[in-house]
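Keep the viewer open and look up the places as they come.

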Amino acid sequence: MNGIKVIFKKELSDHFSSYRFLLLFAMIVMVSLVTVYMAGMGITKDLEGVAKPKFVFLMLFTSSGMQFSLVQFVAFFGPLIGLILGFDTINRERNEGTLSKLLSQPIYRDAVINGKFLAGVFIITVIMASVMLFISAMGLMTIGVIPGIEEVWRMFIYLVISIFYISFWLGLAILFSILFRNVATSALAAMAMWIFFSFFVSIGANAFASALTPDAGESDPESAIRRARIEKALSLTSPMELYTDSTATIIDPMRRTPRSFIQMGFMEQLSMARFSGPLSLGQSVLVVLPYIISLMAITVLCFAISYAVFMRQEIRSL
Amino acid sequence: MEQQKAIIETQELTKAYNGQAAVDRLSFNVNEGEIFGFLGPNGAGKTTTLLMLLGLTEPTAGKARVLGVDPARDPVRVKGMIGYLPENMGFYRDMNAWQSLMYIAELNGLSQDAANRRIESALRTVSLLNESKKEVGSYSRGMRQRLGIAEVLVKEPKVAFLDEPTLGLDPDTANRMIELVEGLCRVKGMTVLLSSHLLHQVQKICHRVGIMINGRMVAQGQMDQLAEEKLGVGREQYTLEEIYMKYFREA
Ligand SMILES: Nc1ncnc2c1ncn2[C@@H]1O[C@H](COP(=O)(O)OP(=O)(O)O)[C@@H](O)[C@H]1O
Ligand SMILES: [Mg+2]
């Protein structure tokens, strides 16, 4: 336990004094400010002379001001935060010859991974929490609405899921820093994973689903539904998809299901339109729980592999 | 001679990489308070042996005991009792010497008071007290090596493993390093296991040596004894280099 604490403390002060953290932080804050400013302007314009809907405040996060909403932004660029924080965790110490020194102190090997991971999670929490606070402050200024208790809860849950999501990428980056001795290689491998999950999984899922269910035209809604189901199931192998689906329901209470509309029957859609009251918080959480658990499960898997590899690795530097 | 207590014992200790033995059925003892020189060419298996004794590498076969503990079973306890200076040791460049030592002290669970006291005394011993607030990145190789020794001292260990402590140092600096090590053994009663392939540098301080070639220890004992055995000459007419070459040709 002492080992984890000491390593955590050291890594944290390393992060806070690094240019990497400073630049990352500045970049994220800039982008989210711009996004939210635009979103806020859009919302005020749309709401002029209209009765205020419930959960206006949450629209700050989901309404796409310029190109994308904050939720989309974090889904796409959030992984970069995790990757940048973690891609050289172990291999840099190995290359500089400090790893053998560190491991010859009376600590367990996993304390090194754990301490460094937790320090990264702390940094991620700091970044995400300040982004959310910035956005809320901006929101108060631009749309002049005070969030209700439930909205605050939803924002908090969104924050927690985002931290899990980015921590998964941190865990993946740490795994690569164990697998590859060369820092450039591990950075590239992590980027490759990011691109793969961002683009290829959704394209691949689409292509695969089309191949499995030949298009029978509009006359066959059954096969269209089947295709959509297959596509969805495949794209759930991507953490981005898990994240977008789970946060969407939390931060956008009008959504009842993380599934797309095409999978619902006609009557189902009708009734949704008729009773378009928001899902209660508890129900929202129930809907997304499986996604959150999947997100945690893949993070744990990353860790299990990291431990297994690191425990057996030779630690000498050359 | 009185019966001495063995602090390190190995029995048939073996490490194989991909079926190739890097350390081959090694059995030797190191007694309390002595400087044991672990000598041999590059690739002889010296570093591998030290790593096994520290519990950083699992032996393929055989047994080892360090201060009565099996390093393969309880590596954390063994690592707490041994100070280790790795070959090609690295440092955190943006820390200064004091911070580096503080990190080591904290990892060893020392209290703030004890840490400060030990760090100061370690820095004084290796004469780095005046440079302790400079970043390690600006240190010369000799200073870094001395800082490495200070990191060993902060643990106040009973046993120190020094892997090639004179590697890459100029003769004068190497000499001072060797004298420093001798002083530690004499003054603090520390047991030192020291590996080197630079025999002339270490021969004057080793009480006993073990000569390792290709993973096997071909000879061990006091240098006089080895010289007589192999060269048939008496004291003062040999260098360790000569004894060593003799064994090397036979192997
Ligand atoms: N991780 C490894 N994988 C395979 N072979 C290794 C590994 N580490 C060391 N060896 C081999 O073990 C032998 C002993 O190496 P080492 O203990 O470093 O020698 P020394 O310290 O005496 O120079 C060498 O032949 C080296 O090639
Ligand atoms: Mg070596």
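In which loop of chain B is E164(B) found? Look between β6 and α6 of chain B, and there E164(B) is. Keep in mind throughout that this is a predicted model.

E164(B) has a positive phi of about 50 degrees, although it is not a glycine. Its side chain meets that of K46(B) in a salt bridge, 3.9 Å from N to O. K46(B) lies in helix α1 (residues 46-54) of chain B and E164(B) in the loop between β6 (159-163) and α6 (171-188), so the pair ties together parts that are 118 residues apart in sequence. What about cover? K46(B) is buried, at a relative accessible area of 3%, and E164(B) is buried with a value of 3% as well.

N214(B) is another non-glycine residue with a positive phi of about 50 degrees. You'll find N214(B) in the loop between β8 (208-213) and β9 (216-221) of chain B. Is N214(B) buried or exposed? With 62% relative accessibility, N214(B) counts as exposed, whereas E164(B) is buried.

**Where the chains meet**

On the chain A side, 25 residues are in contact with 27 residues of chain B. The two chains bury about 2,400 Å² between them, and 55% of that is on carbon and sulfur atoms. Which residues of chain A lose the most area to chain B? They are K101(A), P106(A) and R316(A), which together make up 25% of what that side buries.

How many salt bridges does the rule find across the interface of chain A and chain B? The count is 3. One salt bridge between the chains runs from E106(B) to K9(A), with the closest N and O atoms 3.1 Å apart. R93(B) and E96(A) also meet through their side chains in a salt bridge, at 4.0 Å from N to O. R93(B) sits in the loop between β5 (82-85) and α3 (97-107) of chain B and E96(A) in helix α5 (residues 89-96) of chain A, so this pair joins two chains. R93(B) is partly exposed at 47% relative accessibility, and E96(A) is partly exposed too, with a relative accessible area of 34%.

**Helix α1 of chain A**

Over all chains, the structure holds 16 salt bridges. Another one to look at is within chain A, where the side chains of D14(A) and K10(A) meet at 2.9 Å, N to O. Both residues lie in helix α1 (residues 2-16) of chain A, 4 residues apart, which is about one turn of the helix. D14(A) is partly exposed, with a relative accessible area of 24%, while K10(A) counts as buried at 7% relative accessibility.

Here are the salt bridges named so far, side by side.

| Pair | N to O distance |
|---|---|
| D14(A) and K10(A) | 2.9 Å |
| E106(B) and K9(A) | 3.1 Å |
| K46(B) and E164(B) | 3.9 Å |
| R93(B) and E96(A) | 4.0 Å |

Stay on helix α1 of chain A for a moment, as S13(A) has its place there too. S13(A) is partly exposed, at 44% relative accessibility. How far apart in space are S13(A) and A119(A)? From C-alpha to C-alpha they are 9.1 Å apart, although 106 residues separate them in sequence.

**A nonpolar patch on the surface**

Next, look at helix α9 (residues 183-212) of chain A, where I203(A) has its place. I203(A) is exposed, with a relative accessible area of 56%. Together with I195(A), F196(A), F199(A) and F200(A), I203(A) makes a nonpolar surface patch of about 510 Å².

Chain A has a mean pLDDT of 82, and 85% of its residues reach 70 or more. Where in chain A does pLDDT stay under 50? That happens over residues 256-263, for which the model has 20 contacts beyond four places in sequence. Where pLDDT is low, the predicted coordinates should not be read in detail.

Notes: Residues numbered from 1 in each chain as written. Chains lettered and ligands numbered in written order. Predicted model: local features only at pLDDT ≥ 70, side-chain atom pairs only at ≥ 80, totals over all residues. Heavy atoms only, no water. pLDDT = per-residue confidence, 0-100. Contact = heavy atoms within 4.5 Å. Patch = residues over 30% accessible without salt bridge, like charges linked within 9 Å, V, L, I, M, F, W, Y side chains within 5 Å. Areas by Shrake-Rupley, 256 points an atom, 1.4 Å probe, with all protein chains shown as cover. Buried < 20%, exposed > 50% of the residue type's maximum accessible area, 1.4 Å probe, protein only. Buried area = accessible area lost by both parts, 1.4 Å probe.
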